[in-house]
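Hi,

Here is the structure I promised to pass on.

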Amino acid sequence: MRGKILQYNGNDGTGTIVAGGEQHRFALGDWKGDAVPAVGKAVEFSLVEGRVQSVTLVSDDVLMREKASEIGGKLGGLVGGLGGSLARAGADGGGGALAGSIVDRYGRGTLAAYAAFLVGTTMFQAISIAMLGAGWTMFQLAGFLSMVGGGGGIKMLLTFSYLSIAVPLVWRDRRAWLALLLPLLTVVWAVIRALSASSGGGGGSGLGPGDFGVLGFYMPMAAAIYLGLTGFRKFAADA
C-alpha cells in the first residue's frame with residue numbers, strides 16, 4: 001500500500017502514515033531502510049489485521065518515473081490526437097501548414113508559457129513547509145494535501161490546467177480562451193491551501209517569500225499570469 005509519512009517523532013521512534021484519507025501508526029521497528037523516516041516522504045507499507053507491519057521508503061527515482069508516466073498518460077490523448085492530425089495533414093502535404101496554424105493560433109509566447117507552467121509544477125520544488133520538514137513540487141503538494149483531506153481539489157485543478165491549452169484548439173469559440181485562466185486560479189488556490197496547512201489553524205502562517213521556490217513556484221506563477229492575461233485578452237478581442 002502506498003502512503004506518505006504525516007508525522008514522525010524521533011524521540012520515541014513512532015510516526016503516522018496517511019493513505020487513502022486514513023492514518024496508520026507505525027514504529028521504528030517496522031521501518032525497513034537505512035535512512036531515517038522523514039515527514040512528507042512516500043512509502044510502501046503493509047497492514048496485518050489493521051496494524052502496520054513493514055514500511056519501506058519509495059525512492060525519488062521511482063516517484064519521478066511514476067510522475068512522468070502519470071502526466072504522460074494524461075497528455076497522451078491530446079498529443080496522440082494532435083500527432084494523428086499532423087500525420088494526416090502530412091500525408092496530404094499540409095503538415096507544415098497545420099503546425100504553423102497552431103503556432104499562429106496560440107502564439108509562441110503562449111506555448112512557451114504553457115511549457116514553463118507544466119515543467120515548473122512537476123519538476124521543481126514549489127514550496128518548503130518548515131513545520132513539516134519537507135519541500136515539494138506543486139504537483140506533489142497537491143497530492144499530499146488531498147491525502148490529508150485539505151487539497152480542495154488542487155490535484156484535479158492541476159490536471160485540468162495541463163489540458164486547458166487544448167481547449168481553444170478543439171473548440172473554436174471565443175469562450176474557449178477563458179480556459180487559459182485555469183492555471184492562474186489553480187496556483188492561487190494552491191497557495192491559499194498551503195498557507196492554511198502551514199498555519200495549522202493557529203491564526204498565523206509560518207510561510208515567507210523564501211519558502212517559495214523560484215523555478216517551482218515563481219516561474220509557474222508568472223507563466224500562469226501570462227496565460228490568464230492572454231486568454232482574457234483573446235476572449236475580449238473576439239467579442
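Below is what I found, starting with the whole chain and ending with one residue.

Keep in mind that this is a predicted model, where local features need pLDDT of at least 70, side-chain atom pairs count only at pLDDT 80 or more, and totals for chains, interfaces and linings use all residues. Residues are numbered from 1 along each chain as its sequence is written, and side-chain values use heavy atoms, leaving out hydrogens and water.

The protein chain has eight helices and eight strands (DSSP runs numbered from the N terminus: H or I of at least four residues for helices, E of at least two for strands). Of its 239 residues, 39% are buried, meaning under 20% relative accessible area with a 1.4 Å probe, protein chains only. Take the contacts (heavy atoms within 4.5 Å) between residues at least 6 apart in sequence: 59% of them join residues at least 24 apart.

Now for a helix pair. Helix α3 (residues 108-123) packs against helix α5 (residues 154-163) at about 150°, and their axes are 10 Å apart; axes are lines fitted to C-alpha atoms over the stretch in contact, with angles from 0 to 180 degrees between N-to-C directions. The two are therefore roughly antiparallel, the term for angles over 145 degrees. On the α3 side the contact is made by Tyr114, Phe117, Leu118, Thr121 and Thr122, and on the α5 side by Leu158, Ser161 and Tyr162.

One of these deserves a click: threonine 122, in helix α3, is buried at 4% relative accessible area. Its side chain reaches the backbone oxygen of leucine 118 at 2.7 Å, within the 3.5 Å limit for a polar contact between N or O atoms, one able to donate a hydrogen and the other to accept it; residues adjacent in sequence count only if both atoms are side-chain atoms.

Cheers

Terms used: Parallel < 35°, antiparallel > 145°, perpendicular 65-115°, else oblique. Buried < 20%, exposed > 50% of the residue type's maximum accessible area, 1.4 Å probe, protein only.
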